Structures are given as C-alpha cells and as structure tokens.
Amino acid sequence: MKIDKVELSRLRMPLKIRFETSFGLIPFKDFLVVSVHSGNLTGYAESASLPYPVYNEETTGTISYILKEFLIPKLFSSESITHPNEIHELFKPIRRHNMAKAVLEGAIWDLYARHQGVSLARALGGEKREIEVGVSIGIEDTVEEVLEKVGKFTDEGYKKIKVKIKPGHDVKVIRAIREEYGPDLPLMADANSAYTLNDIHILKELDQYNLIMIEQPLAHDDIIDHAKLQKQLVTPICLDESIHTAEDARKAIELGSCKIINIKVGRVGGLTEAKKIHDLCKSNHIPVWCGGMLEAGIGRAHNIALSSLNNFSIPGDTSASDRYWAYDIVQPEIILSKPGKLEVPTSHGIGYEINKAVFDQYLINKETFTN
Ligand code: OSB
Ligand code: MG
C-alpha cells in the first residue's frame, strides 16, 4: 500500500452525561480523527486523548504536533507498506507518545483490512462474532445517583459494572451497591491511581466485597507497590495506567503486580502492541479486557475489533454509543445487539461508515498532508 494522503480532523463533542474520575471531570471530548488514503481506499482511527494531560501525559495538542512533525513525515519517508506491523517498527525510534502513534497506526490497520477485503477483527486474528460489554460509571455527587445508574445499566443487560472510586467515595459506594443489587452483580472498582500503600486499610475493606477486580489502585507509574499490595489482597488487581508496552506487561506479571490487564489501544501505542500484550497475557494465563477512553464511534469500532480476540475474556468498557453521545460520528449507530452484547462487524475494515453530517457538525479544524 502506498499512502497518498493523510488528513487530521479535530473534533469537539459534548458528552451527554457528566463523567468524573479521581483525576477530575472530563467536560467534553476533544480528539483527532486521522484518515489515511491509498488509491480509492481510506482508513480511519481516532485519538484516545482527553483535553488535559491528566490520564497520561498526552493531549490532543501534543498528538497533533507529534503527528505533523515526526510521525507523518516518517510514514511518507517509507517506500510502501505491506503490513501494519511495520508501522510499529517505523515509529519505534520516537519514544513514548503512544496515543499519537496509535491513531496513525490504527488508521493504517483499517486501511490494510479494507485493502485485504476483510474486517478489521479478521485482520487482527479475532474469532468472536459478538463480544460481551460492560459499562464504566463515574464519580457521582451522591451514592443514590450511583445506585440509580447501576440499576439502569444492569437493566440494559451490561455484563460488568465498573464504578470509579476515590478516597471518601469508595467503601460506602461499593457497600451500597452490594446491599441493593446483591453479591452476584459482576462489579469492579477503578481508582485511577487515587491511593497509596498508606491507604491499605481502605483497600483491605474493599477486599471483602467480592469485586471482580480493583483497577489501578496505586500510582500511574508503579508496579512495585502494586506487587506488594496484590500479596495482601484476595481481589485481583488489574493494571491500566502502568502498562504501556508488552515489556511493561511482562515485568508486571513477573513481579505479581496484577492478575488482570486492561488493554487500551491508545495507551499502548497501537493495535500491533495491543495484540502482542494480548498474546503474552494469554500464554501467562492473565485475562485481559479492552478499556475505554470515552471514544466516539470510530474508536469504539476499533475496540470492538480488538475485543474479538479470544483472550479478551472479561467484558470491556466499550458500551453502546448512547452511553456518552446524543449523535455519533459513525453509522449505523453502535447499539447492543443483545443485552450486554455488541456484534463484531463482518464488512471491510472497522465495519462502520462516517456519518458526515454529524462529523461536520463537531469538526473544528482539518489539515491535509500529501505524500
Ligand atoms: O481509567 O478506564 C479509565 C475514561 C477516561 C479515562 C480513563 C478511564 C476512563 C473510563 C471510561 O473508565 C471508559 C469508557 O467508558 O470509555
Ligand atoms: Mg482505568
């Protein structure tokens, strides 16, 4: 495949609900859609970035800069691409900036799948025809509001309920959910690094509620203290922020820092690395699931394709589009095909088309780079 053109479209989408985590409120989604063009085919991906560098160090602004200054020129300097795995190698000399790498690589994966005449899921080696999904519930002002959302989403059939926690909004929330919905509700908590080992008494209290896992309780850059913590908890620890590469995953598994890994394509620098982490975890009997970054439809479509790989054995955070969006940028709309399930598309590439009217409504800037 010879890349003729790359387009960067910056979109700003209002969230239809309030979403807060231990690192703060996410007031809207500001992201890039990258499209890569080759002949009459186009591949799409969207950046996982948030408006502020609070989940990781990247923002939509840094991603745009790294793409324009380094990654697009590198792509244009390579002769022709036979497989997207080559992109990961091509970008390797540039350190970190994983979300920037992931969005360009993701668009090339979609283009490659279309070029091969297969779905992205198939191109990645995914076998599932449908995936089980869960939902992530943010920090709310009151426990009652959390309970109401848990009820709404269990009614919709979501297979896993994840609630955000932070000091002061943890045990009381989990206890109330267990009291209201019983011991069998598939429940987990995500702390987004809000605790330290000094809070071990709180984490041990949470350990009594039979959570499927507790996600990233300690520092975003830690695997040592997580290993110490895991030894003292029955509840499996799942790492999110701490894992950026398959090497990070290997070390965390070796140390015993976690028993589960949340894979986010953006955080790990693309689908090639995501698949590598999936494979490594599989051979180490570590289940994985696909995390979310409040994606619009293109990002959701990539997550669905990735989740079709068979070691994604725990429902992910990729809920239907109506979780966050009044109108989504893809069509058909991403909806549950059965309670708590999303169908894996079989048409070429990501399996969804751009809804141009909605896309243009949220578009704030577009730049074109010709090879
Ligand atoms: O830690 O998984 C996280 C959203 C933004 C940043 C980090 C996280 C999240 C979520 C939402 O939990 C997942 C989703 O619904 O996309
Ligand atoms: Mg998380």
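Thirteen residues make up the shell around ligand 1, that is 13 residues of which Tyr55, Ser136, Gly292, Leu294 and Asp317 come nearest, where a residue is near a molecule if its C-beta atom, placed from the backbone, lies within 6 Å of it. By class, this shell around ligand 1 holds three nonpolar, six polar and four charged residues; Ala, Val, Leu, Ile, Met, Phe, Trp, Tyr, Cys and Pro count as nonpolar, Asp, Glu, Lys and Arg as charged, and the others, Gly among them, as polar.

The model is a predicted one, in which local features need pLDDT of at least 70 and side-chain atom pairs count only at pLDDT 80 or more, while totals for chains, interfaces and linings use all residues. Residues are numbered from 1 along each chain as its sequence is written, and chains are lettered from A and ligands numbered from 1 in the order in which they are written.

## Overall form

The protein chain contains 12 helices and 15 strands, taken as DSSP runs numbered from the N terminus (helices H or I, at least four residues; strands E, at least two). Its C-alpha trace spans about 60 × 40 × 35 Å along the principal axes.

## Two domains and their contact

An automatic or database domain assignment gives domain 1 (5-121 + 353-370) and domain 2 (123-343), and the centres of the two, taken over C-alpha atoms, are 23 Å apart. Across the boundary, 42 residues of domain 1 are in contact with 39 residues of domain 2, contact meaning C-beta atoms, placed from the backbone, within 7 Å. On the side of domain 1 that touches domain 2, helix 3 supplies the largest share, 10 residues, and the classes on that side are 23 nonpolar, 11 polar and eight charged residues.

## Buried interior

Of the 371 residues, 52% count as buried, which requires 20 or more other C-beta atoms within 10 Å of the residue's own, all placed from the backbone.

Definitions and conventions. Two residues are in contact if their C-beta atoms, placed from the backbone, lie within 7 Å. A residue is buried if 20 or more other C-beta atoms lie within 10 Å of its own, exposed if 12 or fewer, and partly exposed in between; C-beta atoms are placed from the backbone.
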